[in-house]
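Please look at the aromatic rings in the model below. A pair of aromatic rings is described by the distance of the centres and the angle of the planes.

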Amino acid sequence: MLLLFESSEGFALFRVVDEGIVAAAADVVEIGRLFESPESARQVVRRVAILKFDGQLEALGELAALRRGEPSEELVVFLEDNCLDGRELLGVSDQRLGVQINILLPQIKCVHNVAVLELLRGVRSQFTALMGGVFLAPPRLDLAHKLATQTLEIDTNRDDSTIITSIRFYDNLDKDINMYAMRVREWLMGNKAGAAALDFSAFLPEETEMDLKTAAINSIGPDFDDIDLQMIRGLCDQAMSVHDSRTALRDHLQDRLNVVAPNLTALVGVTVAARLISCVGGLWNLSLLPASSLERLGAKAADPMCGYIYSSPIVETPNLNKLRLSRSLAAKCALAIRIDLFGAGQNNNMGLHYAVYLRQLRMRHLRTLYGHQSR
């Protein structure tokens, strides 16, 4: 059996000298003991062939392709030239790579199991001695960093500015709507003389509607003239226009966050997720914070524990358990942020799962709380 070993300098093929020794090993620990010294390692494997990389750029491309389970053309030719026997087994570290090699080179049967992984680990531990001075270059830290960045599939310069700008504009619109509401809520009925004929049954209970009309009819305020009513209606139209703009902006935030941070959004909602990202300047900066710091983001000096997470929908419980749920949610948010940032093929499965879990936890707290109060 042959072993395919990759390093920052190139590929190497090793042949297992005596497969009976490996077969006699009871477990992977015993296989590892076969590589305790260079002399014992040479009795297990020997070098057959090597394929050196021409430079850092080629090394990065070759190793990145291996991480994706894709053999390069050079590797295929290298294996075809050195694995001539159709009955030869080739041990590989990645099952996906083995499948692709079997497709491209049907005469080679690839093997991926615990024993192969332990053999490759042993080769790595005695690599310098087994290579006999062929690969003498020290470890390439710059190459390792670039390869790790590609493996994580992360863009550290990802553009979160759209979310940051949108949530700030959203908060400004919220303030504007509140200001409009304070000004027009007392004027929506128009002149008090016509209050009795108005119909509020679509959004007010009958008892509340009667109380409102009675208060309006009995009020001591003056009647509006036509110009006043026209100005009030114009103000109401502006308030509705601002409300529609806020709704459209929230839909835009929802779409953007479903791409950038789907799990965080599923846990805390659109506005809280956007405010967390905006507070620190991006998802990358947010991923550097522990759960305890996440919990305090957005908190005021008077109550440093009550930040944005404390105001999320899941934490809407009596004060007895809100801090406990807030801490639990912050811990799950820290995990969700890293999954959103570093995860490949993003979805919101993790966020939905823990959102359900935290809601069930909240219900248990409520049952416990009201169960004690009813006794």
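Tyr354 is partly exposed, at a relative accessible area of 24%, where partly exposed lies between buried (under 20%) and exposed (over 50%), with a 1.4 Å probe and protein chains only. This is a predicted model: local features need pLDDT of at least 70, side-chain atom pairs count only at pLDDT 80 or more, and totals for chains, interfaces and linings use all residues. Residues are numbered from 1 along each chain as its sequence is written, and side-chain values use heavy atoms, with hydrogens and water left out.

**Tyr354 and Tyr357**

- Tyr357 is also partly exposed, with a relative accessible area of 35%.
- Tyr354 and Tyr357 sit 3 residues apart in helix α18 (residues 349-373), a separation of about one helical turn; helices are DSSP runs of H or I with at least four residues, strands are E runs of at least two, and both are numbered from the N terminus.

**Aromatic pairs**

- The structure holds 5 aromatic pairs, that is, rings of Phe, Tyr and Trp (its six-membered ring) with centres within 6.5 Å, called stacked for planes under 30 degrees apart, edge-to-face over 60 and tilted for the rest.
- Phe11 and Phe53 make an edge-to-face pair, 5.3 Å centre to centre with 85° between the planes.
- Phe11 belongs to strand β2 (residues 10-16) and Phe53 to the loop between β3 (45-52) and α4 (56-67), so this pair ties together parts 42 residues apart in sequence.
- Phe11 is buried at 0% relative accessibility, and Phe53 is buried at 11%.

**Cluster**

- One aromatic cluster is formed by Phe5, Phe14 and Phe127.
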